[in-house]
Amino acid sequence: MEKERPNILWFCTDQQRFDTIHALNNPHINTPNLDRLVAEGVAFTHAFCQSPICTPSRASFLTGRYPANVRGCMNGNEEWGEGAPLVTAMLAESGYDCGLSGKFHLAGAHGREEPRPKEDGYRVFHWSHDPEDRYPSGHAYADWLAAQGFSLRDLREDPASIPPELHQTTWCTDRAIEFMSENRRKGPWLMSVNVFDPHAPFDPPQEYRDRYDASKMPAPLFRQTDITTQSAIPGDFPNPSRPPQDFKAQDVIAAYYAMIELIDDNVGRLLAALEETGQRQNTVIIFTSDHGEMLGDHGLITKGCRFYEGAVRVPLIISWPRHFPLQQEPRSENSPDDDGSGEENETTAEVSNDSPPEDDAPSTAGLVSNALVELIDIAPTLLELAGLPIPLRMQGRSLLPILRGELPPDQHRDFVRCEFYRAQNPEVVSRVKYEGSYATMYRDKRHKVVVYHGHSHGELYDLEEDPGEFNNLWSDPDFADLRFEMVRRNFDALAFSVDPGPPQKTPF
């Protein structure tokens, strides 16, 4: 008899960089519930988004295809271009009951209710793009606050004073718990929890902010030469490089970490709800983010057309107790895991699993994988977990062989890609020098190249020798051969990623 298909809890934050989990070598942040997911699952330390900005990234991981192939490149598009089926719709068609709370952002939502795709698969859809009071209709979070006797407009006058129980992150979690707790007669469920945190403007509840002393926060990766270096890069970015003290970077980091701790507390609430309803052992949990945050590195804050690790590398944890095998392997010696902090990274998490496996299932995992993976790999992984075929045109690769211990945990892809194609809508972006950049990134385990198309300027880094990405080798004659080879590989990867369309059904 076929085993019961798992429930899927997919928690996606907004703008959370990879190095923000305590168990994965950040001693400055408190994330006990994410640490638990790491100990009960598989954490991918080198997971990369396919665009360093919201809509293209979400378009890619919801379809398993690169943004350019699904007409999902712009952050302020009028509507979703229906360029490919969404994995949630595919799961719903197969019998999954799907719900969403929070952000969606496959189309622009600047002051309007975001139009939904023709088929997104969600039966329950609690939409809240962000916690701002700028949506005249359709804003479920604002409507809920009003039903409780609160005004979102009034609360937003002093965001720090908003009680955690009224925060949008908590509201998203409340709606998820309601959905997960429904009495279903048959069929598994999928719940997308898409919170807005830790996105700017970095405004956690005061009680969370008080837990972090700004003076004890790590300093951003910055050198004075960054100001000149960044001014020469043609890629669109919303603000110029400045010394971190000019925008009180450590205060920003403290607030950012506080927002993530609020997220962590709500992850704990979800875990508790699953346990209370007896669903934890049959629920796969995915925790990730759509893209990163510069957080002061190189004098930059927020996001834009940049491909530094902080912008394109995100957390990715997949946890399903007693289904992923206990397999802790040593890290490959040539893997550039140093993040520039001067602290040695670990490759495995401490695991405790006192309960015996059920139904001869393998033990709980606790594996930390340094394989290069892309967020487009999530969609085929979900399909395979659900026992569904992976479409030939889906460009992601299932992570299930690593999750099940069938393949070594340090190898999945030889390289990862990232795209930025005029991603910011010029009607929304009010900057004089906005040009609409086109840029691509190609990164293997040691080197990274960034090509700004239409410009002679580019970036080339040796991540083993220069993990902080300060020494741009692009114009160094000693590395001309390496630059040519990396640009050639980037061009090949770009060409091979183009979707030629469906095959001919009849001969010419």
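How many aromatic pairs does the count come to? The count comes to 15 aromatic pairs, where rings of Phe, Tyr and Trp (its six-membered ring) pair if their centres lie within 6.5 Å. This is a predicted model, in which local features need pLDDT of at least 70 and side-chain atom pairs count only at pLDDT 80 or more, while totals for chains, interfaces and linings use all residues. Residues are numbered from 1 along each chain as its sequence is written, and side-chain values use heavy atoms, with hydrogens and water left out.

**Aromatic pairs**

- Y212 and Y257 form an edge-to-face pair, with 6.3 Å from centre to centre and 75° between the planes; planes over 60 degrees apart count as edge-to-face, under 30 as stacked and the rest as tilted.
- Y212 lies in the loop between helix 7 (206–209) and helix 8 (226–232), and Y257 lies in helix 9 (residues 249–276), so this pair ties together parts that are 45 residues apart in sequence. Helices (H or I, at least four residues) and strands (E, at least two) are DSSP runs, numbered from the N terminus.
- Both Y212 and Y257 are buried, meaning under 20% relative accessible area, with exposed over 50% and partly exposed in between (1.4 Å probe, protein chains only).
- F415 and Y442 are a stacked pair, because their ring centres are 4.7 Å apart and their planes are at 25°.
- F415 is in the loop between helix 12 (400–403) and strand 10 (416–421) and Y442 is in strand 11 (residues 438–443), so the pair ties together parts 27 residues apart in sequence.
- F415 is partly exposed at 26% relative accessibility, whereas Y442 is buried at 6%.
- F202, Y212, Y256 and Y257 are linked into a cluster by ring pairs.

**Charges over rings**

- The charged end of R116 sits over the ring of F125, 3.9 Å from its centre; the rule requires NZ of Lys or CZ of Arg within 6 Å of the ring centre and within 35 degrees of the ring normal.
- R223 lies over the face of F470, 4.1 Å from the ring centre.

- Four strands form an open sheet in the order 10-11-12-13, with antiparallel pairing; two strands pair if DSSP finds at least two bridges between them.
- Strand 10 and strand 13 (458–462) stand at the edges with a single partner strand each, so one side of each has no neighbour in the sheet.
- Strand 12 (residues 447–452) pairs with strand 13 in the antiparallel sense over five bridges, and H447 stands opposite D462 in strand 13.
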